[in-house]
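Reader: I am new to this structure and would like to go through it term by term. Please show it to me.

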Amino acid sequence: MPSFVRALGSVCLLLGAATANGQEPSQSSFEVQIERVPEGTQVTADGELDEAFWAQAVRLGPLIATEPIDGAPPTHPTDVRMAYDSENLYVGIVCHDDPNEVRALQRQRDAYVRYDDVVEMWFDTFDDQRFAFWFQVSAGGSRGDALLSDSGSAFNKDWDGIWYGRTKTTDQGWQAEIVLPIKTLAFDPQATRWGFNIRRKRIANGEDARWANASVAYRFFSLEEGGALLGLNGLQ
């Protein structure tokens with residue numbers, strides 16, 4: 001990726017990486033408008049993604065690698081879908097991969113998952129780039145959470161929120177289904193925009209790929225370098 005494009009990313013939160021054909025990134029590259037599902041929708045966090053709304057759920061743009069090759073397309077794509085209702089935020093993730101290369105060992109809550117494939121994400125629910133909630137799921141089923149503060153520099157893993165997530169290995173890799181109760185999170189009920197970022201870590205080749213501002217020049221936990229979820233309203 002050209003160095004001047006990386007420089008622009010530090011100035012404007014919403015600028016994307018330049019495309020492979022040299023076109024300028026879209027101003028809305030790192031914004032996504034998520035849709036509301038009907039109230040009373042029944043979702044079981046079992047890792048299946050078989051509820052009808054998942055087929056129509058809004059999908060984030062592609063993740064881009066930062067390691068081992070900065071700015072390269074990942075070895076295998078990651079499909080991230082999101083939706084919400086007044087009580088829950090729903091995240092569905094499909095990590096395409098060679099099943100023989102998926103690392104899935106840890107299952108305990110808040111386990112040390114350095115050697116497992118994982119997906120992690122954070123939500124800056126006040127969109128003030130100071131404080132965020134962090135969640136992680138591993139291919140083996142381990143769930144982790146923490147509070148981020150000081151613009152993402154401080155990491156408090158003593159916090160344990162109430163949320164649900166299940167992962168499942170498949171013949172196409174592995175996938176996760178996450179249900180985050182809104183009551184677990186602190187947020188401004190008048191705001192409709194949250195800061196957000198997500199990344200996938202693949203152990204087989206040491207690959208790290210993320211959504212917003214994918215560059216080794218930026219820390220994943222930097223709340224100033226995330227994207228945004230739009231359209232959140234009527235949260236209880």
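Author: This is a predicted model. The second largest pocket has a volume of about 330 Å³.

Reader: Which residues lie nearest the centre of the second largest pocket?

Author: They are V113, R114, V118, E120 and K201, out of 20 lining residues. Strands β7 (118-124), β8 (132-138), β13 (193-202) and β14 (207-210) each supply at least two residues of the lining, and β13 gives the most, with 3 residues. By class, the lining has 8 nonpolar, 2 polar and 10 charged residues.

Reader: Why is the contact of D79 and R59 called a salt bridge?

Author: The N to O distance between their side chains is 3.1 Å. The cut-off is 4 Å between a side-chain nitrogen of Lys or Arg and a carboxyl oxygen of Asp or Glu, so the pair qualifies. D79 is in strand β5 (residues 78-84) and R59 in strand β3 (residues 58-59), 20 residues apart.

Reader: What makes D79 buried and R59 partly exposed?

Author: D79 has 10% relative accessibility; buried means under 20%, so D79 counts as buried. R59 has 43%, which falls between 20% and 50%, so R59 counts as partly exposed.

Reader: Which residue besides R59 forms a salt bridge with D79?

Author: R81 does, with the closest N and O atoms 2.9 Å apart. Both R81 and D79 are buried.

Reader: How do you know that D208 and R199 form a salt bridge?

Author: Their closest N and O atoms are 3.0 Å apart; the limit is 4 Å, so the pair counts. D208 and R199 are both buried.

Reader: How many salt bridges are there by this rule?

Author: The count is 13.

Notes:
Residues are numbered from 1 along each chain as its sequence is written. This is a predicted model: local features need pLDDT of at least 70, side-chain atom pairs count only at pLDDT 80 or more; totals for chains, interfaces and linings use all residues. Side-chain values use heavy atoms; hydrogens and water are left out. On a 1 Å grid over the protein atoms alone, a cavity is a set of points where a 1.4 Å probe fits but cannot get out, and a pocket is an open set with protein on both sides within 12 Å along at least five of seven lines; lining residues have an atom within 4 Å of a point. Grid points are joined across faces, edges and corners, and a volume is the space filled by probe spheres set on the points. Helices (H or I, at least four residues) and strands (E, at least two) are DSSP runs, numbered from the N terminus. Ala, Val, Leu, Ile, Met, Phe, Trp, Tyr, Cys and Pro count as nonpolar, Asp, Glu, Lys and Arg as charged, and the others, Gly among them, as polar. Buried means under 20% relative accessible area, exposed over 50%, partly exposed in between (1.4 Å probe, protein chains only).
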